[in-house]
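Here are my notes on the model you passed along, written as numbered points. Please keep the structure open while you read.

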Amino acid sequence: LVRHEALACVVRRVCGESSLKMADIPECSQLVFIPDVEFPVVRSHNIFMLPGVPEYFNFSLTALLSSIWRRAGARYYCVKVYLKVPEHEVVHTVGRVAREFPRVSIGSYPYVERADCRTILTVEGAEREVVVCVLKRLTHALPCDAILTVEHGDDLDAPPQTPSTSSLADQIQVAAAELSEVERSSSARNSASL
């Protein structure tokens with residue numbers, strides 16, 4: 001390990017002198033700076049070392065994955081389910097559905113201080129029909145009173161649309177109809193040039 005001076009400057013500014021050990025990285029490493037994230041990602045060959053602060057970690061991971069998928073030319077479909085309940089109340093249901101559909105990714109994002117929802121679930125995959133099938137299975141498995149709304153898209157910072165008075169089945173149908181191919185790099189704020 002060697003002390004990386006540019007990283008040491010960031011560590012001093014954000015964490016203070018006592019945390020300088022965080023600037024000791026493998027000698028052959030490079031720093032990858034991500035817009036709007038104070039801590040850079042450390043890259044050593046094909047290994048990425050992400051910051052441990054959850055907020056920085058999430059932004060960094062999203063940006064890295066977007067960049068990798070963009071390079072691969074991959075596309076995906078994504079739909080969000082906004083929930084009124086904390087993540088721990090649905091984690092077993094989400095895990096069970098995820099195991100049933102290994103070709104689709106189901107993400108769970110808890111929010112503690114967000115007023116409009118407590119958890120956002122995402123269903124993502126390369127095949128539109130499979131994403132819609134998983135969405136239907138997941139929303140059927142969750143308690144109806146836990147679901148605020150269902151929408152297409154991958155922007156987790158966006159507030160949910162005004163909860164609809166339409167039925168859950170109608171919301172799923174609308175989200176599925178609006179579900180269009182989304183490039184992994186759609187979130188400009190999280191894009192990184194690697």
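1. Glu124 sits in strand S8 (residues 119–125), and it is buried, at 15% relative accessible area. The classes are buried under 20% relative accessible area, exposed over 50% and partly exposed in between, with a 1.4 Å probe and protein chains only. Helices (H or I, at least four residues) and strands (E, at least two) are DSSP runs, numbered from the N terminus.

2. A word on the ground rules: this is a predicted model, where local features need pLDDT of at least 70 and side-chain atom pairs count only at pLDDT 80 or more, while totals for chains, interfaces and linings use all residues. Residues are numbered from 1 along each chain as its sequence is written, and side-chain values use heavy atoms, with hydrogens and water left out.

3. Lys80 deserves a look. This residue belongs to strand S6 (residues 75–83) and is buried without a salt bridge; Glu151, the nearest side chain of opposite charge, is 4.1 Å away. Here Lys and Arg count as positive and Asp and Glu as negative, with His and the chain ends not counted. A salt bridge needs a side-chain nitrogen of Lys or Arg within 4 Å of a carboxyl oxygen of Asp or Glu. The side chain of Lys80 does have a polar contact of 3.2 Å with that of Tyr82.

4. How many salt bridges does the structure hold? There are four. One of them pairs Asp24 with Arg3, with 2.6 Å between the closest N and O atoms. This pair links distant parts of the chain, 21 residues apart: Asp24 is in strand S2 (residues 24–25) and Arg3 in strand S1 (residues 2–3). Asp24 is partly exposed at 26% relative accessibility, and Arg3 is partly exposed at 38%.

5. Another salt bridge joins Glu100 and Arg137, whose closest N and O atoms are 3.0 Å apart. Again distant parts of the chain are linked, with Glu100 in helix H3 (residues 91–100) and Arg137 in helix H4, 37 residues apart. Arg12 and Glu17 also meet in a salt bridge, at 3.3 Å from N to O; Arg12 is partly exposed at 34%, whereas Glu17 is exposed at 52%.

6. On the surface, Phe57, Leu61 and Leu65 form a nonpolar patch with about 210 Å² of accessible area together. Patches are made of residues with over 30% relative accessible area and no salt bridge, joining like charges within 9 Å and nonpolar side chains (Val, Leu, Ile, Met, Phe, Trp, Tyr) within 5 Å. Areas come from the Shrake-Rupley method with a 1.4 Å probe; for residues, only the protein chains shown count as cover. Leu65, in helix H2 (residues 54–72), is partly exposed at 38%.

7. One backbone item to check: His45 has a positive phi of about 60° although it is not a glycine. His45 lies in the loop between strand S4 (41–44) and strand S5 (47–49) and is exposed, at 60% relative accessibility.

Key. Polar contact = N/O pair within 3.5 Å; in protein donor to acceptor, adjacent residues only side chain to side chain.
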